[in-house]
Amino acid sequence: MVNIQLNDALLVKEYVSGNEDALAKLIKRHESKIYGFIYSKIPDRDITNDIFQDTFIKVINTLKSNSYNEEGKFLPWVMRIAHNLIVDHFRKSKKMPLYRETEEFSIFSIMSDDSLSIENKIIADQVQIDIKKIIEELPADQKEVLIMRMYQDMSFKEISEVTGVSINTALGRMRYALLNLRKVIDKHQIVLTT
């Protein structure tokens, strides 16, 4: 593991010094993990390819401007860039899946279910507005962790790497996000039932 990090750091230095092959080696070394991460959040090959390319355009621009300073942490840094571009994609397309909680299912348990009935789709459309308002009232750090965990299906280890906080901090933010969601639901007297 240390060798890979040292090699990444050396390749970054070589690329910054003008060796274009160094970047090609870095991309080849990490492309399957980064591409797989993006594809796991957006299972559309065209969009995944676009985000993958945009990720490395940002990497190149940052390296060429000499503003990269995360020695030994190249992969988590690139994953953070990819994560931010994924979030931007969801913001632009407003396709963040949101559902209403009922006795039959949890809000977060059916997000990947493409076989919803017409009735449930109508319910889901209405609930998108309610839940989006609730989530918007959360503090930014709690909202970020909740979205990564629930909507992007990231593990707390991945969240920790992408956000640069410890796993315990990520867990704590998630816990407070859920507690605060309940408070906001009570405050607005929102009834999460059909």
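This is a predicted model: local features need pLDDT of at least 70, side-chain atom pairs count only at pLDDT 80 or more; totals for chains, interfaces and linings use all residues.
The contact lies between helix α4, which spans residues 74-93, and helix α7, which spans residues 156-163; the two pack at an angle of about 95°, and their axes are 8 Å apart. Because angles of 65 to 115 degrees count as roughly perpendicular, α4 is described as roughly perpendicular to α7. On the α4 side the residues involved are Pro76, Met79, Arg80 and His83, and in α7 they meet Glu161, Val162 and Thr163.

A pair of aromatic rings is described by the distance of the centres and the angle of the planes. The count for this model comes to six aromatic pairs. In one of them, the rings of phenylalanine 52 and phenylalanine 56 have centres 5.2 Å apart and planes at 55°, so the pair is tilted. These two residues are four apart in helix α3 (residues 45-64), which means that about one helical turn separates them. Phenylalanine 52 is buried, with a relative accessible area of 13%, and phenylalanine 56 also counts as buried, at 5% relative accessibility. Tyrosine 68 and phenylalanine 74 form an edge-to-face pair, with 6.4 Å from centre to centre and 70° between the planes, and both of these residues are buried.

Phe52 and Phe56 also belong, together with Tyr35 and Tyr39, to one aromatic cluster. Over the ring of tyrosine 39 sits the charged end of arginine 45, 4.5 Å from the ring centre. Elsewhere, the charged end of arginine 175 sits over the ring of tyrosine 176, 5.4 Å from its centre.

Definitions and conventions: Residues are numbered from 1 along each chain as its sequence is written. Side-chain values use heavy atoms; hydrogens and water are left out. Axes are lines fitted to C-alpha atoms, for helices over the stretch in contact, and angles run from 0 to 180 degrees between N-to-C directions. Angles under 35 degrees count as roughly parallel, over 145 as roughly antiparallel, 65 to 115 as roughly perpendicular and the rest as oblique. Contact means heavy atoms within 4.5 Å. Rings of Phe, Tyr and Trp (its six-membered ring) pair if their centres lie within 6.5 Å; planes under 30 degrees apart count as stacked, over 60 as edge-to-face and the rest as tilted. Buried means under 20% relative accessible area, exposed over 50%, partly exposed in between (1.4 Å probe, protein chains only). A charge sits over a ring if NZ of Lys or CZ of Arg is within 6 Å of the ring centre and within 35 degrees of the ring normal.
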